[in-house]
Each structure stands twice: as C-alpha cells, then as structure tokens.
Amino acid sequence: MVKKSKKNRSLSVAFPVSLQVVRLRLVPLFFILLAVSMVFLHRVYDAPVVKMRVALTDFFAPVFSGISEPIQNATGRIDAVAGIRDLRAENMRLSEENRRLQQWYDVALRLEAENRSLKSLMNFKIEPDYSFITTRVVADPGGSFIKSVLIPVGRNDGVREGQAVMGEKGLIGRVVETGKNASRVLLVTDLNARAPVLIEGTRHKAILTGRNGDKMALQHLPLDSRPGLGARIVTSGDGGVLPPHLPIGTIVSRNGGMIEVSPLDDLDKLEYVRVIDFNADSALSTGHLKTKP
C-alpha cells in the first residue's frame, strides 16, 4: 500500500511539469503561426479584405454624416449669430459716422453759401479752372538734379518750364526742363526745390525746401508760428510760380528749430502725374505792372 501511494505521488508531480512545459512552448508558437497565416491570407486575399473595408466604410459613412450634420448646423448657427452681432455693431458705427458726415455736409453747404455771398459783395475775382495734361512717369537716366523724373510730354504737348506737377494726392514737383516730346520734373524733395507755402489753420507763410531725402523742411516761418503735427502744407501762390492752395504734405516732426514735412505722395512709387496748365499774370513773378500808354 505504501509503495503504491509513492508511485501515484511521483506521477502527479511529473504530470503538471509536462503540461507547463507544453503550454510555454506551444502557445507562443500558436500565435506566431496565426500571425503568419493572417499575413499570408492578407496577401493572397487582398481584394476581399479591401472589399470588406470598403463595405464597412459605406456602412458607417451615413452614420458619421448623420452625427456630424447636427454639429455642423449648430456651428453654423453660432457663426451666424456672431456675424449678426458684428453687423449690428458695424451698422451702429456707420450710422454714427453718417450722422457726423451729414453735420459736416450741412456746415459745408452753409459755408459755401456764405463764401459765395461774401465774394459777390467784395466783387471777388474768381480764379480760373486749371487744365491738366495727364501722363506717366518714365525712368530717370540721371542728370544735374538728384530728385527728378522724366515724363514723355514736352513742348509739342503744351508743357512749359515752371509748370506744377501733381501726383495722386498732392504736388510732387515742377517742370524744370522741356524738350519737344519729353520733360524733366524736379521733385519737391530735391535740394534745389523751393516753394512758397501756407500752413493751413494758421495761414502763416513759409518757404518749403527739399533736403535730398524723403522729407522737406519749413523755413522762414514767423517767430510766433507754432504749427502742430499733422498740419497740412499748401502752396501760397506767391510769385505766380505755382497755383495757390495745392496740397503738398503734412508736418510730421519738430526737432528744435527744424520742422519736417512729409509729402502726401510716395515719390519713389510714382506712376501717373498731371501737369497743371496755370497761366499766371507775369506781374506776379516780375513785379512789374503793365500800364496802358
């Protein structure tokens, strides 16, 4: 009896050990064989797998579309509400601006009527309208002036020396040389440029001079003149060289006694200009009045 129990005990000990060894060896081998089989089946039966994937995509696409459509609609409504709010704010701003512009328009009409009435009382001589010659700017091959440009119009087109030349926003220079079909324009920023001007608001007269840079300088101002930044500079018409009231630039800085003016136009990007045909009385430039004999 004792021997039999010992034999059974030895078998019971050996059997679990063999199962453990089989499990440790066969399970990894099974998964390896399964992976290799799946790779083989995928390569051999690639078309069915693709068809299955396409079928699943076709099945779930309407589901995803149905889920995303309410989200997109909600997002669209939120954007529409935000847009309406922005439009309302913009409408209020434009309404306020329109109200202010209407007030200025009424003031302008009143001042125009008042000005017309005063001119009629004073027997004021109204300045004639100017005629223009519009042309483009061509490349400057260089010359005796640093800041100048060439325009393809000349004496045959009615251009004369001394005529003012306007850009898009204001005066850019005057004609200094004329040929039959071309002319040279001296820019207001050239060192040789001089122009009698007025400071709008104060009506103080000065001389605007070029400095061969991108800015000009005001000289010969009255001692009590203190122009502010942003004040507009216009031609005064003194001497009859330039027409009066042509805008040139604005005051941009005050460094000690130097007052710098920036031109209204970008003189490095000129494309089209207008030559003003201004027929001033020669007495304005010479100072000699013509008297009848």
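The model is predicted, so local features need pLDDT of at least 70 and side-chain atom pairs count only at pLDDT 80 or more, while totals for chains, interfaces and linings use all residues. Residues are numbered from 1 along each chain as its sequence is written, and side-chain values use heavy atoms, with hydrogens and water left out.

Helices and strands are DSSP runs, numbered from the N terminus (helices: H or I, at least four residues; strands: E, at least two). Two strands pair if DSSP finds at least two bridges between them. Strand E9 (residues 232-235) pairs with strand E10 (residues 247-255). The sense is antiparallel, over three bridges. Here Val 234 has Pro 247 of E10 as its bridge partner. E10 is also joined to E11 by six bridges, and these two strands run antiparallel. Thr 250 stands opposite Ser 262 in E11, and Asn 255 stands opposite Met 258. Two residues lie between E10 and E11, which form a hairpin. In its turn, Gly 256 has a positive phi of about 65°. E11 pairs with strand E8 (residues 216-219) as well, antiparallel and over three bridges. The partner of Met 216 in E11 is Val 261. In a regular strand, side chains alternate between the two faces of the sheet.

Side chains of opposite charge can pair when their charged atoms come close. A salt bridge is a side-chain nitrogen of Lys or Arg within 4 Å of a carboxyl oxygen of Asp or Glu. The structure holds 11 salt bridges. One of them joins Arg 160 and Asp 277, at 3.3 Å from N to O. This pair links distant parts of the chain, 117 residues apart. Arg 160 is in the loop between E2 and strand E3 (164-166), and Asp 277 is in strand E12 (residues 272-277).

A nonpolar patch on the surface is formed by Leu 26, Leu 29 and Leu 33. Together they have about 280 Å² of accessible area. Areas come from the Shrake-Rupley method with a 1.4 Å probe, and for residues only the protein chains shown count as cover. Patches are made of residues with over 30% relative accessible area and no salt bridge; like charges are joined within 9 Å, and nonpolar side chains (Val, Leu, Ile, Met, Phe, Trp, Tyr) within 5 Å. Leu 33 lies in helix H1 (residues 2-44).

Spaces were searched on a 1 Å grid over the protein atoms alone. A cavity is a set of points where a 1.4 Å probe fits but cannot get out; a pocket is an open set with protein on both sides within 12 Å along at least five of seven lines. Lining residues have an atom within 4 Å of a point. Grid points are joined across faces, edges and corners, and a volume is the space filled by probe spheres set on the points. The count comes to one cavity of 30 Å³ or more. The largest cavity holds about 60 Å³ of space. Its lining includes Leu 171, Arg 174 and Leu 242. E4 gives the most to this lining, with three residues. The second largest pocket has a volume of about 200 Å³. Among its 15 lining residues, those closest to the centre are Gly 213, Asp 214, Asp 266, Leu 267 and Asp 268.
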